[in-house]
Amino acid sequence: KATQMNDYAAMLVGMVMTIVVQSSSVSTSSLTPLCGVGLLPLEKMLPMTLGANIGTTATALIAALSTYTFGAIHISLCHLFFNIFGIL
């Protein structure tokens, strides 16, 4: 069952879902009602939300790689590592 996956897989699902829709707000806003009606346990929603936080940095990374300047890549990597260290 999808709700019985481990927390790291749930983070990966949240990250991929956010990369696809390019918005962590949309991802978490779609998970909250599912958790509220009991379709998704809270223990799985929280890692998915953390994964959404990481996935939202993909947009900045793609934009930085398209300009390919040192400053843009540097700031987007800072954004990525700030979010990674924030969930640790």
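**View 1. The loop between α1 and α2 holds Q22.** This is a predicted model. Q22 has a positive phi of about 55°. Q22 is not a glycine. Is Q22 buried or exposed? Its relative accessibility is 53%, so Q22 counts as exposed; the cut-off for exposed is over 50%.

**View 2. Y68 sits in the loop between α4 and α5.** Helix α4 covers 57-67. Helix α5 covers 70-87. The phi of Y68 is near 55°. That is a positive value, and Y68 is a residue other than glycine. With a relative accessible area of 66%, Y68 is exposed.

**View 3. Helices α1 and α2 pack at an angle of about 125°.** Two packed helices are described by two things: the angle between their axes and the distance between the axes. Helix α1 is formed by residues 7-21, and helix α2 by residues 24-36. Their axes are 8 Å apart. The two helices are therefore oblique to each other. An angle of 65 to 115 degrees would count as roughly perpendicular, and one over 145 as roughly antiparallel. The crossing of α1 and α2 is right-handed. Which residues make the contact? From α1 come M17, T18 and V21. From α2 come S24, V26, S27, S30 and L31. Sorted by type, the residues of this contact include 4 nonpolar and 4 polar ones. No charged residue takes part.

**View 4. Helices α1 and α3 pack with their axes 6 Å apart.** The angle between α1 and α3 is about 45°. These two helices are therefore oblique to each other. The crossing of α1 and α3 is right-handed. On the α1 side, the contact uses D7, A10, M11, V13, G14, M15, T18 and I19. On the α3 side, the partners are E43, K44, P47, M48, L50, G51, A52, I54 and G55. What types of residue meet here? The contact of α1 with α3 divides into 10 nonpolar, 4 polar and 3 charged residues.

**View 5. K44 and D7 form a salt bridge.** How many salt bridges does the structure hold? It holds 1. The closest N and O atoms of K44 and D7 are 2.9 Å apart. K44 lies in helix α3, residues 42-55, and D7 lies in helix α1. The pair therefore ties together parts that are 37 residues apart in sequence. D7 has a relative accessible area of 38%, so D7 is partly exposed.

**View 6. The protein chain has 5 helices and 0 strands.** From the N terminus on, the elements run α-α-α-α-α. The C-alpha trace spans about 45 × 25 × 20 Å along its principal axes. The chain has 88 residues, and buried residues make up 25% of them. Now take the contacts between residues at least 6 apart in sequence. Among these, 58% join residues at least 24 apart.

Terms used: Residues numbered from 1 in each chain as written. Predicted model: local features only at pLDDT ≥ 70, side-chain atom pairs only at ≥ 80, totals over all residues. Heavy atoms only, no water. Axes fitted to C-alpha atoms, helices over the stretch in contact; angles between N-to-C directions. Helix = DSSP H or I, 4+ residues; strand = E, 2+ residues; numbered from the N terminus. Parallel < 35°, antiparallel > 145°, perpendicular 65-115°, else oblique. Left-handed = near helix turned anticlockwise from the far one by under 90°. Contact = heavy atoms within 4.5 Å. Nonpolar A, V, L, I, M, F, W, Y, C, P; charged D, E, K, R; others polar. Salt bridge = Lys/Arg side-chain N within 4 Å of Asp/Glu carboxyl O. Buried < 20%, exposed > 50% of the residue type's maximum accessible area, 1.4 Å probe, protein only.
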